[in-house]
Amino acid sequence: MAKRVVSGQRPTGRLHLGHYFGTLQNWVKLQDKYECLFFVADWHALTTKYDDVGEIANDIREMIADWLAIGLDPRKCFMYKQSDIPEVAELYVYLSMITPVSWLERNPTYKEMLEEITEKDVSTVGFLSYPVLQTADIILPRGELVPVGEDQLPHVELGREIVRRFNHLYGEYFVEPQALLSPVKRLLGIDGRKMSKSYGNAIYLSDDPNIIRNKVNQMITDPARKRKIDPGRPEACMVVYPTHEVYTPPEELEEIERNCREATWGCMECKRQLADRIVDSLATFRERRAGIEREPGVVDEVLREGLHQVRPICRATIRDVRERLNIL
Ligand code: TRP
Ligand code: SF4
């Protein structure tokens, strides 16, 4: 039987190319190989957005519409909302009782984020225990594999430690979930920093072709290449060339490199070609997205069906857990 994959994404609204190459491309492939459960981690969104909840419901809808349009298929995987499953919160309570605070405090992601987030107070219980909630997400529906990026590895590792502790205290029950590290392609924002909604440097999957072209035109090139007759250096080209590397097969990449070094083309042409590739690669996405916008009910339906399939598994787990904890 296929192993069970569980993974979640915080609802950030419309998704950008960074999300695609970091997560979704991988999820779309996994749904053919494994039994996949993908959920919206809306409670996790509250760890940093507790003071800004107005858009969460809309962000969830936009994100699910993007999931469907990019190719997550409700006939192949289950999609649901974390907050539709109260058993997640219940398991979180039990796990929080057995997780030492010191494990959470030494989590490198936690330490980094504490320093990074200065605009609001995140010295909350919820923020500290983020990985405990994440562990509940994974083991409640008995996930075996967790596709995540490298930044999430410490969270999965912590989850394994919590599982060991649970099993030690209450008898072998949960299987230690395993991280499934996927080959991710790093995508830069148009300004050369990491692509991120908060930096305002992202190209969204649902951007109109003319907006995509506009954004590609703003991408940073080789700063030393001022005129079209100056030879360029792909290795010094800050955003356009690295993005070509993600979109262009190696054979054709050589030609782009030659055109740049020998100044056979200017940066404008080079960008036009890149914009074409990005726009073309999203043709099917745009079609499906437009279909979903005409029929927004499909989003609710997909979430309802996902919940209907996953909830019974979660209920069964909680029944077993309660029995072990003598909460009868
Ligand atoms: N922490 C993950 C992220 O920020 C999201 C997430 C929440 C998750 N729960 C999860 C991922 C469970 C995998 C499994 O990307
Ligand atoms: Fe970058 Fe292309 Fe300009 Fe060369 S031609 S510097 S690769 S944008």
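Which domains does the domain assignment of the chain give? After that, describe the shell around ligand 1 and its polar contacts.

Modeller: The model is predicted, and what follows should be read as such. The assignment gives domain 1, made of 4-187 + 296-324, and domain 2, which covers 209-281. Between the C-alpha centres of domain 1 and domain 2 the distance is 37 Å.

Now the ligand. Ligand 1 is surrounded by 13 residues. Arg-10, Tyr-130, Gln-134, Asp-137 and Gln-152 are the closest of them. By class, the shell holds six nonpolar, five polar and two charged residues.

Arg-10 places a polar side-chain atom 2.9 Å from an oxygen atom of ligand 1. On the nitrogen side, a polar side-chain atom of Asp-137 is 2.8 Å from a nitrogen atom of the ligand, and an N or O atom in the side chain of Gln-152 lies 2.9 Å from a nitrogen atom of ligand 1. With a cut-off of 3.5 Å for a pair of N or O atoms, these distances of 2.9 Å, 2.8 Å and 2.9 Å count as polar contacts.

As for cover, ligand 1 has 360 Å² of accessible area on its own, and the protein covers 91% of that. Strand E1 (4-9), helix H8 (130-139) and strand E4 (145-148) are the elements that each give two or more residues to the shell. H8 contributes the largest share, four residues.

Notes
Residues are numbered from 1 along each chain as its sequence is written. Chains are lettered from A and ligands numbered from 1 in the order in which they are written. This is a predicted model: local features need pLDDT of at least 70, side-chain atom pairs count only at pLDDT 80 or more; totals for chains, interfaces and linings use all residues. Side-chain values use heavy atoms; hydrogens and water are left out. A residue is near a molecule or strand if one of its heavy atoms lies within 4 Å of it. A polar contact is a pair of N or O atoms within 3.5 Å; within protein, one must be able to donate a hydrogen and the other to accept it, and residues adjacent in sequence count only if both atoms are side-chain atoms. Accessible areas come from the Shrake-Rupley method with a 1.4 Å probe; for residues, only the protein chains shown count as cover. Ala, Val, Leu, Ile, Met, Phe, Trp, Tyr, Cys and Pro count as nonpolar, Asp, Glu, Lys and Arg as charged, and the others, Gly among them, as polar. Domain bounds come from an automatic or database domain assignment.
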